[in-house]
Amino acid sequence: FQGIFVLGLPYALLHSGYSGLFLIILAAALCCYTGKILIACLYEENEDGQLIRVRHTYEDIANACCKKLAPKLGGIVVNVTQVTELIMTCVLYLVVSGNLLSHSFPYVPVTEKTWSVIAFVMLLPCVFIKTLKIVSKLSQLCSLVHFIIILVVTTYCLTQIHQWSWAKFRLSIEFEDFLASVGVIIFGYTSQIFLPTLEGNMKNPGEFRCMLNWTHFFACVLKTTFALTAFLTWGEETKEVITDNLPSFLQTLVNLCLLTKALLSYPLPFFAATEIVYASISRGNHSNYRSPLFALGVRGSFLLLALLMAMFIPHFALLMGLTGSVTGAAMTFLLPSLFHIKLKWKKLSFFEKCADTSVFILGFLCSLGGIVCSIKGLLEVFG
């Protein structure tokens with residue numbers, strides 16, 4: 001929840017004003033709710049009325065919903081959406097790495113895209129990662145670096161508290177800018193693709209709902225505090241990546257920490273995306289597709305694809321907004337509510353039916369609006 005993309009939240013507040021603060025809180029509540037109903041779809045009651053876990057993955061839930069129409073259609077849609085979101089996350093890490101390097105070494109005559117290529121070279125060993133054991137160790141280091149960064153930025157902002165003014169918040173906002181900010185905020189809470197595996201590996205799955213409540217609560221508090229203090233410090237001068245606003249004596253240090261975090265974060269979405277694709281291709285009796293060389297080729301292709309996309313769309317906030325609007329909204333709002341209605345309709349109360357329907361409609365409208373505005377913003381940049 002507290003990934004590197006939290007750095008885009010102050011910029012989202014710049015374009016959404018007071019409504020952005022409300023959105024951060026609302027997104028936390030809605031994401032917490034859809035996480036719960038998604039996990040509920042894994043269970044069915046037996047003859048004794050006890051809940052039994054009959055499904056294990058997001059793909060299993062999707063296939064169960066599309067069983068009569070096309071047994072594997074739902075799983076294909078979910079896998080494509082998952083892979084898209086994970087690959088876009090990898091692209092964002094490359095984009096932000098290039099941005100951080102260019103601002104850390106402004107006197108080196110190298111373009112931001114070239115810095116992204118240098119980051120790509122440092123990530124080449126990812127093609128040799130075969131298990132989550134290595135990824136988990138990197139993620140532990142990543143979490144440590146992240147809290148150091150947030151602490152430094154927040155501490156600096158607090159030293160500037162004498163300059164804060166609530167007048168920096170706008171009451172009137174541009175509708176298109178607001179919708180683009182929605183995608184940025186949603187992207188910061190997307191975790192649904194990992195929840196079935198997480199719940200299945202808990203020592204006591206009965207504590208899942210309580211865990212989800214507390215994690216979303218603390219994530220909301222931390223995101224709101226960070227975004228608010230940063231925006232009140234820089235106001236209209238707030239940049240896409242908030243660390244670009246820091247004074248030079250702190251910027252280089254924090255940017256290098258962020259670069260370390262981005263590089264350490266990259267293996268998780270990269271590994272997850274390649275595993276989904278590799279598992280889908282190698283199903284059945286296609287022995288040629290199960291060879292180590294083929295797996296290496298899949299990972300290498302994805303690494304190269306992420307680099308090419310980073311070269312053509314080097315705009316952090318716009319890209320994050322587009323990803324959040326498309327895949328984030330689908331995996332976080334649209335599909336969980338749709339699956340819950342499909343699988344549990346007869347057992348849902350009137351309030352639950354209304355809640356699921358409202359989440360679906362809201363998710364669809366936000367997704368549609370965010371897609372249009374983010375694409376328009378990208379076209380204006382390239383135009």
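**Exercise 1. Work out what share of the chain's contacts with a separation of 6 or more joins residues 24 or more positions apart.**

Step 1: Start with the term: a contact means heavy atoms within 4.5 Å.
Step 2: Take the contacts in the protein chain with a separation of 6 or more; residues 24 or more positions apart account for 80% of them.

Before going on, a word on the model: it's predicted, so local features need pLDDT of at least 70 and side-chain atom pairs count only at pLDDT 80 or more, while totals for chains, interfaces and linings use all residues. Residues are numbered from 1 along each chain as its sequence is written, and side-chain values use heavy atoms, with hydrogens and water left out.

**Exercise 2. Describe how helices α4 and α12 pack.**

Step 1: Find them: α4 covers residues 73-104 and α12 covers residues 292-312. Helices here are DSSP runs (H or I, at least four residues; strands are E, at least two), numbered from the N terminus.
Step 2: Get the geometry: the angle is about 60 degrees and the axes are 8 Å apart. Axes are lines fitted to C-alpha atoms, for helices over the stretch in contact, with angles from 0 to 180 degrees between N-to-C directions.

**Exercise 3. Decide whether Ser97 is buried or exposed, and find its partners.**

Step 1: Ser97 sits in helix α4.
Step 2: Its relative accessibility is 1%, so Ser97 counts as buried (buried is under 20% relative accessible area, exposed over 50%, partly exposed in between, with a 1.4 Å probe and protein chains only).
Step 3: A polar atom of the Ser97 side chain lies 2.7 Å from the backbone oxygen of Tyr93.
Step 4: Setting aside neighbours within four places in sequence, Ser97 touches Ala119, Leu259, Ala262 and Leu263.

**Exercise 4. Trace what Thr327 contacts.**

Step 1: Thr327 belongs to helix α13, residues 316-344.
Step 2: With a relative accessible area of 3%, Thr327 is buried.
Step 3: Beyond neighbours within four places in sequence, Thr327 is in contact with Thr81, Thr84 and Glu85.
Step 4: Thr327 and Glu85 are 242 residues apart along the chain, yet their C-alpha atoms are separated by 5.5 Å.

Notes. Polar contact = N/O pair within 3.5 Å; in protein donor to acceptor, adjacent residues only side chain to side chain.
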